[in-house]
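Hi,

Here is the structure I said I would pass on to you.

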Amino acid sequence: MSISMDLIFQSLSLLLFILFATSTYFLFNHKNYSNSKNLPPGSAGWPIIGETIEFLYETPENFINHRTKKYSSQVFMTNIFRRPTAIFSGPAGSKFISSNDQKLLKVWYPPSQRSLFQMNRPNPTPTPTPSPSQPSPATQPQPKTLTSASGFLRPEARYVAKFDSFTKSFLRSYLEAKQEVVEVYPFAKTFTLTLACNYFMGLEDSERAENLVGKFDDLAMGIHSMDLNFPGTIFHRASKAAAELRKELGIFIEEKRVKMSSNNGVVKEDLLSQLIAGNQSGRKFTPPEKIVETMLGLLTASYSSAATVITFMVKHIGERPDIYQKILSEQSEIWSTREGSDEEIGWEHIYRMKYTWAVACETMRLVAPLQGAFREAITDFTFAGFTIPKGCKIYWAVNMTNKNPEYFPDPKRFDPSRFEGEHGGSHPPYSFIPFGGGPRMCTGRDYARLVILTFIHNLVNKFKCQVLYPSEKILSSLMMPTPAQGLPVRLHPLP
Ligand code: HEM
């Protein structure tokens, strides 16, 4: 009796679910978003998941281009991460978002990101000596925490030489001593993470930093995943990695605190030492949990984006002899001014790397390390003749904006000359936005420039790179552009 009741109940539930799913599908798809409320046109996709799968797993070109052609060139509606979302693409949208950020729009993060970085959690309290610069609300999104590190995100001149010598010895020990075929993507990630751990936390044991790369990779993969937390999902793996990283960082921070206490108040220059010293002196208290979160966010933001640029730059340098020759001539000229004279590299050298930076910009134009950013409408507003209602989520498609054929003719062609010239090229404002724009523009852009250019400077002066699989596929699922085989290159040491 009870078995048959169960069966009837299960069948009824299934039937109800199918009815709900199909009716919602037809309701959403047939009643597209362009209705009496004057919303931008678009489709809400499947019930509950909307178009999240397509958004995360199709290439941005396919997802966004296809819909901008079908619905509207500047803005269209979709449903991703379980929220109705207006997708803005193009210079007009970029200008609108940059100029109205924090007026009509506020930052928003997908549920996966909020959960992994514990953005919904109240701030750890009590705070014995609250600093006036610390925002008081109970929830404090991660990147705001990161901006408190902004003094460290434009490294002072004296650090430039340190970055250079770190890079030189890293390349020497990892490339000269090891193998001649290297997978550039994992290698670049190891480099950027080891450097970031050294610079922000004073972690000198490179092997210890290296061991964190896999966990940071798992965490980064989960940032734009579906927040389904059960074994086997990307989000579950990311949550586990985040917990392990918090533990590892906590142990390291405690070790450092003990060392500093027994070191008669001598404080090193890295950000972590400064935060711990603030606590020890009572000058500026940062709860230990917040120090862990700051380090976790900073290391995540700093390692993968710079590594992506380095990887795809090496691809172009290795594949295009014309680009290689121009970069080599610029870099060897700078190298020759330092060799023998013991001159240390400084910002002035970095600013002389104009062609190399043009190659970096063209790389970021074609493969945006950060594919886009989210916002939420604080109030109803109008854009491109459509109404964006209060509460609607907005996705700012950085990657597609950078490929607008109106400003970048033949947009798929790799051509660094687009960024050569007096002010780094003649494209109009808001048409090239790899670092975003407006009040939330990337605070790590100077740091990223320094890391990327220092790496390329030291690499091309020592090695010629031969890309082994020029037609290697580039995957772009979960908003992370990745060479399918890690970009193996053969290194030929230069005499
Ligand atoms: C080539 C490398 C990088 C690219 C292309 C990049 C791109 C971006 C973009 C597009 C944004 C804006 C997000 C938004 O509008 O919501 C952003 C924000 C941010 N980035 Fe980067 N980034 C890079 C490297 C870095 C590095 C190395 C760090 C740290 C060391 C960093 C730290 C940050 C922070 C803290 C924010 C948030 C700023 C705020 O909300 O006030 N980024 N980045």
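Predicted model: local features only at pLDDT ≥ 70, side-chain atom pairs only at ≥ 80, totals over all residues.

If you want to find Cys442 on screen, go to the loop between α17 (398-401) and α18 (445-460).

Around the ligand you'll count 23 residues, and the closest are Ser305, Arg375, Arg440, Cys442 and Thr443. Four elements turn up with two or more residues each in this shell: α6 (142-147), α13 (288-319), β5 (373-377) and α18. Helix α13 gives the largest share, with four residues. Sorted by class, the shell has 15 nonpolar residues, six polar ones and two charged ones.

Arg375 has a polar side-chain atom 2.7 Å from an oxygen atom of the ligand. For Arg440, an N or O atom of the side chain is 2.9 Å from an oxygen atom of the ligand.

**The aromatic rings**

How many aromatic pairs does the structure hold? The count is 31. One of them is Phe163 with Tyr447, an edge-to-face pair with 5.7 Å from centre to centre and 80 degrees between the planes. Phe163 belongs to helix α7 (residues 157-176) and Tyr447 to helix α18, so this pair links parts of the chain that are 284 residues apart.

Since Tyr174 is in helix α7 and Phe187 in helix α8, the pair ties together parts 13 residues apart in sequence. Tyr174 has a relative accessible area of 13%, so it counts as buried. Phe187 is buried too, at 11%.

There is also an aromatic cluster made up of Phe55, Phe63, Tyr71, Phe76, Phe81, Trp108, Phe374 and Tyr395.

**A threonine in α8**

Is Thr194 buried or exposed? It is buried, because its relative accessible area is 1%. You'll find Thr194 in helix α8 (residues 184-201). Leaving out neighbours within four places in sequence, Thr194 is in contact with Phe166, Phe170, Ser206, Ala209 and Glu210.

Cheers

Notes. Residues numbered from 1 in each chain as written. Heavy atoms only, no water. Near = heavy atom within 4 Å. Polar contact = N/O pair within 3.5 Å; in protein donor to acceptor, adjacent residues only side chain to side chain. Nonpolar A, V, L, I, M, F, W, Y, C, P; charged D, E, K, R; others polar. Buried < 20%, exposed > 50% of the residue type's maximum accessible area, 1.4 Å probe, protein only. Contact = heavy atoms within 4.5 Å. Phe/Tyr/Trp six-rings, centres within 6.5 Å; stacked < 30°, edge-to-face > 60°.
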